[in-house]
Amino acid sequence: MATAAVLNVVEPMMVGVGGDLFAVLYIAKEKKIYVLNASGTAPRARTLAHFNSLGYHWNPKNWGPDPACR
């Protein structure tokens, strides 16, 4: 974590905080692979109400790591 913080200062051209994210996740309980591509620019001037109107809603039952994995 400390290394990532230092790189954000000394190499800001390498995306840095709030930058791109690529991840491949394997959920053993489901025996499924999920791929996340969170690259590109962030939406400007978007609000929670805007995303809710598009059908994106926070579900506290589907948030964070599975308690069975702790």
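Colleague: Which residues make the nonpolar surface patch, and what is its area?

Modeller: In this predicted model, Val6, Leu7, Val9 and Val10 make a nonpolar surface patch of about 370 Å².

Colleague: Why does Val6 count as partly exposed?

Modeller: The relative accessibility of Val6 is 49%. Buried means under 20% and exposed means over 50%, with partly exposed in between. The value for Val6 therefore places this residue in the class of partly exposed residues. As to its location, Val6 lies in helix H1, which spans residues 2-10.

Colleague: Which elements make up the secondary structure of the protein chain, and in what order do they run?

Modeller: The chain comes to two helices and two strands. From the N terminus on, the order is α-β-β-α.

Colleague: How do you know that S1 and S2 pair, and in what sense?

Modeller: A pair of strands requires at least two bridges. Strand S1 (residues 22-27) and strand S2 (residues 32-37) have six bridges between them, in the antiparallel sense. The two strands therefore meet the requirement for pairing. Within this arrangement, Tyr26 stands opposite Ile33 in S2.

Colleague: Which residue of the hairpin takes a positive phi?

Modeller: Lys31 does, with a phi near 55°. The hairpin of S1 and S2 has four residues between the strands.

Colleague: Why is S1 said to lie largely in the open?

Modeller: Strand S1 has six residues, and the number buried is zero, so S1 lies largely in the open. S2 is hardly covered either: among its six residues, the count of buried residues is zero.

Colleague: What percentage of the protein chain counts as buried, and how much area does the chain expose?

Modeller: Of its 70 residues, 0% count as buried. The chain exposes about 6800 Å², and carbon and sulfur atoms supply 63% of that area.

Colleague: How many aromatic pairs does a search of the whole structure find, and what makes the pair of Phe51 and Tyr56 edge-to-face?

Modeller: The search finds one aromatic pair. The ring centres of Phe51 and Tyr56 are 6.3 Å apart, and pairing requires centres within 6.5 Å. Their planes stand at 70°, whereas edge-to-face requires an angle over 60 degrees. The pair is therefore edge-to-face.

Colleague: What makes Phe51 partly exposed and Tyr56 exposed?

Modeller: Phe51 has a relative accessible area of 28%, which lies between the limits of 20% and 50%, so Phe51 is partly exposed. Tyr56 has a relative accessibility of 57%. Exposed means over 50%, and Tyr56 therefore counts as exposed.

Conventions
Residues numbered from 1 in each chain as written. Predicted model: local features only at pLDDT ≥ 70, side-chain atom pairs only at ≥ 80, totals over all residues. Heavy atoms only, no water. Buried < 20%, exposed > 50% of the residue type's maximum accessible area, 1.4 Å probe, protein only. Areas by Shrake-Rupley, 256 points an atom, 1.4 Å probe, with all protein chains shown as cover. Patch = residues over 30% accessible without salt bridge, like charges linked within 9 Å, V, L, I, M, F, W, Y side chains within 5 Å. Salt bridge = Lys/Arg side-chain N within 4 Å of Asp/Glu carboxyl O. Phe/Tyr/Trp six-rings, centres within 6.5 Å; stacked < 30°, edge-to-face > 60°.
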